[in-house]
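Here's a quick tour of one fold, taken a piece at a time. Have a look at the structure first, then read on.

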Amino acid sequence: MDKKIDEAQVRKVAKLARLELSEAEVEEFAGQLSAILDYVARMNELDTEGVEPLAHCLPINNVFREDIAKESLGTELTLANAPQQDGAFFKVPKILEEP
Amino acid sequence: MRDKIKAGEISSVAATRAVFERIAKVEPIIGAFISTFEEQAIARAAEVDNRIAKGEPVGQLAGVPIAIKDNMCTTFGTTTCASKILANFHAPYNATAVAKLMAADAIIVGKTNLDEFAMGSSTENSGLKRTVNPWDIKRVPGGSSGGSTAAVAAGLCYAAIGSDTGGSIRQPASLCGVVGLKPTYGRVSRYGLVAYGSSLDQIGPITQTAEDAALMMNVIAGHDPADSTSVDEQIAPVTDYLAKLDEPTKGLKIGIAPNFNAGADEQVRKAIDEALKTYKDLGASLIEIDMPHLDYAIAAYYMIATAEASSNLSRYDGVHYGHRTSQPNDYIEVYTKSRAEGFGKEVKRRIMLGTYALSSGYYDAYYLKALKVRNLIRGDFVRAFEKCDSIMMPVSPTTAFKMGEKVDDPLKMYLSDIYTIAVNLAGIPGISVPCGFDDKGLPIGIQILAPAFSEDKLLRMARMYEKQTDWHKKRPLIIDE
């Protein structure tokens, strides 16, 4: 049977997910994800014509609150877990090329 | 325990010390905790004792040693989600459920192991440590709240809280022989619970008895302005779950879906049938119900939950917090390598699956289809509850399985969630209650389901069963060894 998702697709999805995969993982995931998607395809046995998609089960919609300014975490706490920081900023590698 | 501490019969310090003595002895075998806080716990216990001695008012859980699943934020210690990517993460605030436990004067013993980001059914997906089942240390405790259920079963705390996205409280509770309640979606605040599948996640208690679960619910349930999906109490009031706990439900109508239950192992089915007989002897009537869409719950769940997960876990970017790769060649590699190094295999698999389900060209066929199937599944429950007060079924098709038995076959692992998953899709509450053992001495749980926001009735049903049996009093031998 054809695989639902081949290795090229796995690489493409990994790129979308910003996830670096080893060649071994690409191969493994192609097999496993295909098996899972084959199983998931059983949903097609059900006629869902006219059925509304259900995103959540709550008896509530659009929760609003008064727009009141509140204390926020503050720079120190916000940066406390940053892998790299520089003063009051998160530090990342250079994004723009030199001109 | 709470009553004894409040009455001054036993001090909280003594109870807490006893727990840590047991942890010192048993925890090296069980591996339930990612972190423990002995010094802080005993200091807090002493403070509670002091207030009791002075006759000052104390909270509902005064002095009781309690454990927290390590996917809930605490300002003390780390909040790791059992992931390498968060191994050194110090949360800047407490989860609301944790804050409520502390406000009720509970003593936080430690934070328990889980499948990484709560993704799994055996706790084997933890990136940090291994937890075993206290009933048989070669077997899994279930998951993902396996650390919490193992800790309660092995007497390493008096109660714990876990989270349940597809069965992660109920299934490990069943496999470890303890009580586990997944409340209605929206009953307990998710603020500070690290998100996995946001429309499915719910925090709930793991305890030795239904009574303890009711007490825990009294503390953690309720609206929280910080979580817009926690339900307003004007829509669904929170009741005192202990108040009518001992009143049995009269004329109870129990719904059974025989075809669906047939998939469970023979010994599990036998224990469930025995439990149903107990309810019948108490005056309940059994009604056959038809739940035609439950067979599709796993398929829908693994699209919806992974789609939500792929979005939720995009926050681990190697920039704001968490692990960052040491030598990225460019800024893209900060993302791709940090995530590759920080996430374990199951987390990667689910991110991939969810990203695929949401990707252009596949969205309608997978994600949207799954949301429609979700509506059909909810319809099954709505129709069933027109005929009965409760639905009962197994929690897990098998008792605890062996370590490593299913790790290489993700689909097989997913299928072990068959009885628990639909409940999350429908948003209703469910409880796992111990109802027997198989011939290997492994615990079996019965799952009791009820309509949304009727946790009070659910707990009463569990309580009326517990009064007739002593399954919930059985403890694994490891406590005495």
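Let's start with a helix sitting on a sheet in this predicted model. Helix α7 (residues 210-220) of chain B lies across β4, β5, β6 and β10 of chain B, and runs at about 145° to β6(B).

Those strands belong to an open sheet of 11 strands in chain B, with mixed pairing. Going across, the order is β1-β3-β2-β4-β6-β5-β10-β11-β9-β7-β8.

Zoom in on one pairing: β5 (residues 179-182) and β10 (residues 430-437) of chain B run antiparallel and are joined by three bridges. Here B:L181 stands opposite B:I431 of β10(B).

Now for the packing. The largest nonpolar core counts 179 residues, and B:I66, B:C157 and B:A300 have the most contacts inside it. Helix α10 of chain B gives the most to this core, with 11 residues. As for B:I66, its contacts beyond four places in sequence include B:L61, B:L101, B:V109 and B:C157.

| Helix | Residues | Value |
|---|---|---|
| α7(B) | 210-220 | about 145° to β6(B) |
| α11(B) | 331-342 | 17 Å between end C-alpha atoms |

Why does the length of α11(B) agree with expectation? At 1.5 Å a residue its 12 residues should span 16 Å, and the end C-alpha atoms are 17 Å apart, so the two agree. Its buried residues include B:V334, B:Y335, B:K337, B:R339 and B:G342.

Terms used
Residues are numbered from 1 along each chain as its sequence is written. Chains are lettered from A and ligands numbered from 1 in the order in which they are written. This is a predicted model: local features need pLDDT of at least 70, side-chain atom pairs count only at pLDDT 80 or more; totals for chains, interfaces and linings use all residues. Two strands pair if DSSP finds at least two bridges between them. Helices (H or I, at least four residues) and strands (E, at least two) are DSSP runs, numbered from the N terminus. Two residues are in contact if their C-beta atoms, placed from the backbone, lie within 7 Å. Axes are lines fitted to C-alpha atoms, for helices over the stretch in contact, and angles run from 0 to 180 degrees between N-to-C directions. A nonpolar core is a set of buried Ala, Val, Leu, Ile, Met, Phe, Trp, Tyr and Cys residues joined through C-beta atoms within 7 Å. A residue is buried if 20 or more other C-beta atoms lie within 10 Å of its own, exposed if 12 or fewer, and partly exposed in between; C-beta atoms are placed from the backbone. The expected span of a helix is 1.5 Å times one less than its number of residues.
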